[in-house]
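Let's take a walk through this one together. Have the sequence and the 3D view open as you read.

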Amino acid sequence: MDRRNKPSALAATPALPPQARVDLVGDRVTAVLPSGESVDILLTGATVLSWKGAVNGGEPAERLWLSEGAVLDGSKAVRGGIPVVFPVFGQSPADKATSKLPQHGLARTSRWEFLGKSTSESEATAGAGSSSAAASSNGVQLDFGLSAASADPALKALWPYDFALLYRVTLEPGSLATSVVVTNEGDKAFDFQVLLHTYLRVDDITKVGVDGLAGAPYSDKVEGFKQKVQAATGLVDITSETDRVYVPAQGAAQPLTVLEGGAPRYGVKRDNLSDVVVWNPWADKTKSIGDFAPKDGYKNMLCVEPGSVSSWTTLEPGEAYEGAQAITLL
Ligand code: TA6
């Protein structure tokens, strides 16, 4: 029977594109894209532990290096992944307010709060860690927060400033971006340094080179912070313990490429992080790093660390600073 006024078929609402799956289990946040790529973040230090490719039959490709001896119970900084270094890089100078903090500061050993997925567009990260792209593609943005109130009280007592950090991890097919916003919430200015201590995974360090640092001045920690200049042509290759803070003339605008066997493997773009630390401990140094395992793991990692560490940034009350990196698979 033909019923009168039969409602027209509901307009087929366009199906939403497949969405990322995000889970918070204990102190781990995991996100999996429809493409199968995934990221795993520990609330201690908002440390990205893992960035994996899609599962294509076998084991998904891991793009970050994480020590098999990494301590993940929050009792110490994570050896590997992407530790967040703030408010000081390395051992603090004695004449700075950070002088009582441990090496690399307090952010990487504090427990951060997961603030959730964000889809808002952010002009501030229109550069390397552009969030608008993820908001429009089938990527995902995960936000983490740390403030003076939530930081480890023992560490906070060593650096009594009202800071707030917002760390955004943006996973998209073929790329991982991380950005950090530092805000001065107090009434006293403070000086800080910040760095994203990325441990990239490689197959054979002896076949790896870094492009984009030719001609750049650097401080060589292996030789007592001696000031040197990188050769004007060619790649930075790693043939022994390497621990350098590069200050490229082009600053953050200089893109970096990590090649392996002559083929581009990772691209690193930076936003407002003008310095680049390149670190590989090599065979002897790993013996003295208790949580570095396996001891020959230096063959499979290279730290390429965007940072603002060759000088200090001063934040006046109410001011904010943002720095970001975007790592792409080439
Ligand atoms: O980023 C390079 C570096 O400063 C090296 O000198 C080495 O100390 C590395 O960081 C690891 O530092 P950590 O405190 O994590 O052992």
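Three nonpolar, three polar and five charged residues make up the shell around the ligand (Ala, Val, Leu, Ile, Met, Phe, Trp, Tyr, Cys and Pro count as nonpolar, Asp, Glu, Lys and Arg as charged, and the others, Gly among them, as polar). Keep in mind that this is a predicted model, where local features need pLDDT of at least 70, side-chain atom pairs count only at pLDDT 80 or more, and totals for chains, interfaces and linings use all residues. Residues are numbered from 1 along each chain as its sequence is written, and side-chain values use heavy atoms, with hydrogens and water left out.

So who's in that shell? The residues around the ligand are Arg79, Phe89, Gln103, His104, Arg108, His197, Lys221, Asp243, Val277, Trp279 and Glu305 (each has a heavy atom within 4 Å of it).

Now zoom in on some polar contacts (pairs of N or O atoms within 3.5 Å). A polar side-chain atom of Asp243 sits 2.5 Å from a ligand oxygen. For Arg79, the distance from a side-chain N or O atom to an oxygen of the ligand is 2.9 Å, and for a polar side-chain atom of His104 it is 3.0 Å. On its own the ligand has 390 Å² of accessible area, and the protein covers 86% of that (Shrake-Rupley method, 1.4 Å probe).

How far can you trust the model? The chain's average pLDDT, the predictor's confidence in each residue from 0 to 100, is 92, and 91% of the residues score at least 70. Residues 120–127, though, have pLDDT below 50; this stretch has 15 contacts beyond near neighbours in sequence (heavy atoms within 4.5 Å).

Definitions and conventions:
Polar contact = N/O pair within 3.5 Å; in protein donor to acceptor, adjacent residues only side chain to side chain.
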